[in-house]
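Biologist: I'd like a close look at just one part of this model, please. Could you walk me through it step by step?

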Amino acid sequence: MSERYTRVFSLPELLYSEGAPVIIMAGAILKDIQTNSVLAQLKIQSIADKTIKAITVRLPTFDTVNAPLGESIDFQYLDLAVKRNQDFGEQTPIPLPLSETRAFSVVVTKVIFSDNTTWNDEGKPWEKLPSTIPLAVSLKNHELVKQFQMTYGGSCLYQEEKDLWRCVCGCWNRIGDEACYNCQRNATTLSAFDLAKLEDAAEKRIKAVQKARLAKEEQARKEEEERKQKAAKRKATLKTIRKKAIIFVSIVFLVGISIAIPEIKYELAARAESKQELLTFVRAFEAHSPSWSEAQELCKMFSTVSYEYDNRNMNVTAIFSSFQYGAASVLEDYANEMSRRMYIHADNNKVFDCYVLLYRDSKKSDLMYCSRNGVEFTIDK
């Protein structure tokens with residue numbers, strides 16, 4: 001009902017009389033706050049195999065102190081087509097003639113089925129059936145609840161009451177029904193429930209789960225250990241390769257030095273027009289040469305250094321090639337010193353231009369342009 005109605009009374013839930021084809025699921029009195037009148041509502045569920053087409057109920061009424069109020073009210077639900085496990089009545093108001101009515105009881109007096117057969121009240125009391133008790137309350141153990149649901153499913157324990165039995169799904173069935181009308185679970189299987197067996201099954205399942213978890217953790221530990229061993233092996237292999245590479249490069253480096261420096265001197269001497277200037281440059285080159293035995297331990301990568309200078313018609317080229325690993329700073333200082341001394345010893349009457357190519361590292365600028373006395377020379381990588 002809308003906000004216009006206020007609930008002033010509720011019946012006990014699940015009222016049943018042994019042998020009856022219906023269960024009264026709920027009932028209430030609602031007061032109309034605009035007219036001050038009252039009405040009753042019932043929610044009824046069929047547990048009959050036949051379809052119900054009409055039903056008569058009797059409502060004795062009471063005042064606020066539970067004193068009877070006049071005659072009981074008979075009310076008929078007509079034109080029904082209610083099948084088993086279906087509810088009806090909750091949308092049908094039952095007018096109560098006395099506005100002071102504040103309570104009522106209910107008796108189903110007659111049920112008419114679709115085949116025109118009838119059931120009549122035999123005078124047995126309408127009493128409350130047990131409410132559904134959740135598994136968590138019944139079993140009091142999370143693992144037992146889990147095991148029960150794995151074994152039987154459902155949300156409550158099997159229970160017998162009067163001539164009915166309640167399935168684990170909560171549906172009421174008649175004694176004699178082999179399977180639940182709602183979920184088709186077998187009554188014999190459900191009624192054979194044994195708590196001790198359930199506890200034993202739960203314990204075995206927990207142990208199996210723990211064993212599987214430990215096995216999984218052990219497998220993960222072994223895989224991690226294998227991964228670490230492989231990583232250490234790769235690291236050791238790379239270290240060995242680096243050591244061998246350094247030894248090899250050092251040998252090549254030293255051989256290259258022994259060949260490259262004489263070639264520089266030879267090329268400079270063969271092409272120079274001014275032998276005095278060239279000898280001055282070569283002496284400066286040799287005087288500021290670093291110790292290669294010290295530098296070779298720093299070597300990290302290959303570098304090529306070339307020097308060129310031009311004095312009008314004089315072209316002298318010297319190419320110095322070597323493997324150098326980590327000695328970049330030494331070679332850079334070396335080249336700077338050579339360039340500086342070439343300028344210092346150049347004849348004032350001549351334009352002495354030089355070209356210096358030094359591989360430092362990939363972060364250096366690829367190309368730089370410089371000039372001296374108006375003549376450009378290039379330093380690039």
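Biologist: Which residues are buried in helix α2 (residues 142-151)?

Modeller: Happy to. First, this is a predicted model, in which local features need pLDDT of at least 70 and side-chain atom pairs count only at pLDDT 80 or more, while totals for chains, interfaces and linings use all residues. Residues are numbered from 1 along each chain as its sequence is written, and side-chain values use heavy atoms, with hydrogens and water left out.

In α2, the buried residues are L144, V145, Q147 and F148. Because they cover an arc of only 165° around the axis, they sit on the same side of α2; the arc is that of the directions from the helix axis to the C-beta atoms. H142 and M150, on the other side of α2, are exposed. Here buried means under 20% relative accessible area and exposed over 50%, with partly exposed in between (1.4 Å probe, protein chains only). Helices (H or I, at least four residues) and strands (E, at least two) are DSSP runs, numbered from the N terminus.

Now the two ends of the helix. The N-terminal end of α2 is capped by N141, which has a side-chain oxygen 2.8 Å from the backbone nitrogen of E143. After α2 comes G153, with a positive phi near 75°.

Two strands pair if DSSP finds at least two bridges between them; β14 and β15 have 3 bridges. Across this pairing, E160 stands opposite W165 in β15.

D163 lies in the loop between β14 (159-161) and β15 (164-166). D163 counts as buried because its relative accessibility is 19%. Its side chain makes a polar contact of 2.7 Å with the side chain of Y16. A polar atom of the D163 side chain also lies 3.2 Å from the backbone nitrogen of G19. A polar contact is a pair of N or O atoms within 3.5 Å; within protein, one must be able to donate a hydrogen and the other to accept it, and residues adjacent in sequence count only if both atoms are side-chain atoms. Leaving aside neighbours within four places in sequence, D163 is in contact (heavy atoms within 4.5 Å) with Y16, E18, G19, N173, R174 and I175.
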